[in-house]
Amino acid sequence: MSNIISIINNKGGTGKTTTVLNLAAALAKKKQRVLMVDLDSQCNLSSAFGANGTEQGVGELLVGKVDINSVIIPNGKLSLIPANEKLLDYEFLLNNEPGREYMLREQLEKVANDFDFILIDCPPSLGTLSTNSLVAASHFIVPMQAENFAFIGLDRIMLISEKVKKRMNPSLDLGGILFVKLAPRTKFSQAVIQSLSDNQNFAGKIFNTYIRQDISLMESGAFKQNIFDYAPKSRGAHDYSDLAKEILKQYGKK
């Protein structure tokens, strides 16, 4: 049975897609079967995987136009359910469906035994698609930069996740907060991390691994590669490998 993890933040530019792509690649290097799901209409994850412009994707899947096995694109231990430019149209259609929050969960249940991990790349909003990801997931990870106003977005995510947990998915839990694009030696970054660490609501919920600033992480997606193929000795590769180890320790098969 898969560990389904939603990578979510209602702000853009917080490293959701980068985290899904490179965490998935790191887990695959550790012999895990990983399915990525692109729920973002910008299709950046699909593009980085080399699957941009597909005719059939997650939007068609959610409204029942296609079978899930027909939209999964495999590549070794990694697989992807892509998004395309019609996803926003399908999200609009989805809003008129009874039980619309459960559509992704129902589809992923059909392939849950085929993968060790399913990682969901959410859009930078907390609408129907993001809610679908939380209803489908056992855990969610919040990538976050150590910057002003980061806590405001985090409060909103926690409020929505608590409502989803109470009303639709009792097994949902915060997997952890992941600091990304981090300059760990700056006093401001240290102050933000300390402030969050001191918050009782997040005790034990901050990953020990930080994703440090690394230009290679930006470049690799643009060249349609994960960080391990693009720059295997980079800080980014080292950090995402450490994150995969931490997640396997928490959620891997015992």
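Mentor: A residue is buried when its relative accessible area is under 20%, exposed when over 50%, and partly exposed in between (1.4 Å probe, protein chains only).

Trainee: Okay, so is N22 buried or exposed?

Mentor: N22 counts as buried, because its relative accessibility is 1%. One caution: this is a predicted model, where local features need pLDDT of at least 70 and side-chain atom pairs count only at pLDDT 80 or more, while totals for chains, interfaces and linings use all residues. Residues are numbered from 1 along each chain as its sequence is written, and side-chain values use heavy atoms, with hydrogens and water left out.

Trainee: Got it. Where does N22 sit, then?

Mentor: In helix α1, which covers residues 16-29. Helices (H or I, at least four residues) and strands (E, at least two) are DSSP runs, numbered from the N terminus.

Trainee: And which residues is N22 in contact with?

Mentor: Setting aside neighbours within four places in sequence, N22 contacts L217, N226, I227, F228 and Y240. Contact here means heavy atoms within 4.5 Å.

Trainee: Let's zoom out. How many helices and strands does the protein chain have?

Mentor: There are 12 helices and seven strands in the protein chain. Of its 254 residues, 56% count as buried. Looking at contacts with a separation of 6 or more, 78% come from residues 24 or more positions apart.

Trainee: What box do the C-alpha atoms fill?

Mentor: Roughly 50 × 40 × 35 Å, taken along the principal axes.

Trainee: New topic: how many salt bridges are there?

Mentor: Six, from a search of the whole structure. The cut-off is a side-chain nitrogen of Lys or Arg within 4 Å of a carboxyl oxygen of Asp or Glu. One of them joins E60 and K86, at 3.4 Å from N to O. E60 is in helix α3 (residues 58-62) and K86 is in the loop between β4 (78-81) and α5 (87-94), so the pair ties together parts 26 residues apart in sequence.

Trainee: Are those two buried or partly exposed?

Mentor: E60 is buried, at 3% relative accessible area, whereas K86 is partly exposed at 27%.

Trainee: What about D173 and K205?

Mentor: Their side chains also meet in a salt bridge, 3.3 Å from N to O. D173 lies in strand β7 (residues 173-179) and K205 in the loop between α9 (187-197) and α10 (215-222), so this pair links parts 32 residues apart in sequence.

Trainee: Which residue does D242 pair with?

Mentor: K245, with the closest N and O atoms 4.0 Å apart. D242 and K245 are separated by about one helical turn, because they are three residues apart in helix α12 (residues 235-251).
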